[in-house]
Amino acid sequence: MAEVKINCAVSKKCGGCQLSNMTYSQQLSFKQAKVVKLLGKMHRVEEIVPSPRKLHYRNKVQAAFGRTKSGMIISGVYQSSTHNIVRTDACCIEDEKADAIIVTVRELIKSFNLTVFDERSGEGFLRHVLVKRAFATGEIMVVLVTGTPVFKSKNAFCEELLRRHPDITTVIQNVNNRFTSLVLGDKETVLYGTGYITDELCGLKFRISSKSFYQINRDCAELMFSHALDSVGLTGDEVVIDAYSGVGTIGLIASKQAKKVISVELNPDAVRDAKINAKINGIRNAAFYCADASDFMAEMAKENERADLVIMDPPRAGSTVTFMKSVLRLLPEKVLYISCNPETLARDLTFFLKNGYRIRLCQPYDMFPFTEHVETVCLMSRVEGK
Ligand code: SAH
């Protein structure tokens, strides 16, 4: 394998690429060893699948805006666990187009005499820029996160931004005037285009809004979803629950080979996208619920519902005992656990192993090259008679 290495001047300050001093094959060995250490006692760990793109794989890029002491407008990433901005114009793992757009926004802020937000005083205009790019379709969303709703010369600003980057398909102003470390606020105005982008994954179209989760390494996610569903081997008769479903990705991909898919997700914007995604793909056997996954599963268990397959893809904190106890009561033949944190995966697998499930497959993916993070898919099946 050709050895990919990065040479980044700010890697220490930024802290985003914890493995930047390793070659790509060293990173794979490091991640394999991490998963084996945590899960190896429970089951054999397959060899980690490399990321199709090693560099510039991040399709979602965020930059914070601020000023230096001398008043110069800067943009970049927050130094890990602080709010000091590390200045960057380019990054080895972020989409290059997104980075170029952010640099242009910074130039336009100056030429339009706009201000940047000051976290201490709560005054000023531009706070963050978020760019999302659909790699399969080329669509690009730019979200300008501002501290105030008033946007002086917004039409001229957008026109110039689009003139310099004609491939931008939508521009959104998001107002966030609170003291918070969350990037996005509640109020949004679409300044150009539709307000969302559409990507393609495993032959389906997925519409994504600014606040909806979408896998940041699209090509690796496509590999992972198709392998994972192949390993399940659906026949067309199954009732599938897709928990922590985002914009509906894996559930909708599975729906073609299942009787029915029931998806549950907490973020209302993602649920709205998921419902539209079912429609635009002509899928009629999928239902979507906006709820806390644990509450929803407990309710399903109380109603004595049954499922043949439970797919769960929780955030880094993993799932909950309430969720998993409810899964047991739904008696699924198979559970497909997709995890972005092997530590919480190990904890949750221990619960399933104590309660009548066996691991059939444990497959890591290098979804986040140059970072310490690793994605793992674990297929479990119920032991007869339990
Ligand atoms: N399976 C999707 C999304 C996975 S990311 C995909 O691969 O595209 C995890 C998702 O869980 C996010 O969309 C997040 O909004 C959602 N989530 C977080 N906490 C939740 C909870 N308590 N109940 C339901 N969904 C939750």
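**Helix packing and domains**

Modeller: In this predicted model, Val-321, Met-324, Lys-325, Val-327 and Leu-328 of α9 are in contact with Asp-348, Phe-351 and Phe-352 of α10.

Biologist: How do the residues of that contact divide by class?

Modeller: The contact of α9 with α10 comprises six nonpolar and two charged residues, with no polar ones.

Biologist: And at what angle do the axes of α9 and α10 cross?

Modeller: The axes of helix α9 (residues 321-330) and α10 cross at roughly 30° and come within 11 Å. Angles under 35 degrees count as roughly parallel, and α9 and α10 are therefore roughly parallel to each other.

Biologist: Is the crossing of α9 and α10 left-handed or right-handed?

Modeller: α9 and α10 cross in a right-handed manner.

Biologist: What about α8 and α9: which hand does their crossing have?

Modeller: The crossing of α8 and α9 is left-handed. Helix α8 (residues 293-302) packs on α9 at an angle of about 30°, and their axes are 8 Å apart. This pair is therefore also described as roughly parallel.

Biologist: Which residues meet there, in α8 and in α9?

Modeller: From α8 the residues are Ala-293, Ser-294, Met-297, Ala-298, Met-300, Ala-301 and Lys-302, and they meet Thr-322, Phe-323, Ser-326, Val-327, Arg-329 and Leu-330 in α9. By class, the contact of α8 with α9 has eight nonpolar, three polar and two charged residues.

Biologist: Back to α10. How does α2 pack against α10?

Modeller: Helix α2 (residues 24-39) and helix α10 (residues 342-354) have axes 9 Å apart and pack at an angle of about 25°. That angle makes α2 roughly parallel to α10. α2 contributes Lys-34, Leu-38 and Leu-39 to the contact, and α10 contributes Pro-342, Glu-343, Leu-345, Ala-346 and Leu-349. Six residues of this contact are nonpolar, two are charged and none is polar.

Biologist: Changing topic, what domains is the protein divided into?

Modeller: There are domain 1 (11-53 + 217-382) and domain 2 (60-201). The centres of domain 1 and domain 2 are 31 Å apart, taken over C-alpha atoms.

Biologist: How many residues are in contact between domain 1 and domain 2?

Modeller: The contact involves 13 residues of domain 1 and 11 residues of domain 2. About 970 Å² is buried between domain 1 and domain 2, with 73% of it on carbon and sulfur atoms.

Biologist: Which residues in domain 1 lose the most area to domain 2?

Modeller: In domain 1 those are Lys-13, Cys-14 and Arg-218, which together account for 51% of what that side buries.

How values were computed: Residues are numbered from 1 along each chain as its sequence is written. This is a predicted model: local features need pLDDT of at least 70, side-chain atom pairs count only at pLDDT 80 or more; totals for chains, interfaces and linings use all residues. Side-chain values use heavy atoms; hydrogens and water are left out. Axes are lines fitted to C-alpha atoms, for helices over the stretch in contact, and angles run from 0 to 180 degrees between N-to-C directions. Helices (H or I, at least four residues) and strands (E, at least two) are DSSP runs, numbered from the N terminus. Angles under 35 degrees count as roughly parallel, over 145 as roughly antiparallel, 65 to 115 as roughly perpendicular and the rest as oblique. Contact means heavy atoms within 4.5 Å. Ala, Val, Leu, Ile, Met, Phe, Trp, Tyr, Cys and Pro count as nonpolar, Asp, Glu, Lys and Arg as charged, and the others, Gly among them, as polar. Domain bounds come from an automatic or database domain assignment. Buried area is the accessible area (1.4 Å probe) that two parts lose on being put together, summed over both. A crossing is left-handed if the near helix is turned anticlockwise from the far one by less than a right angle, and right-handed if clockwise.
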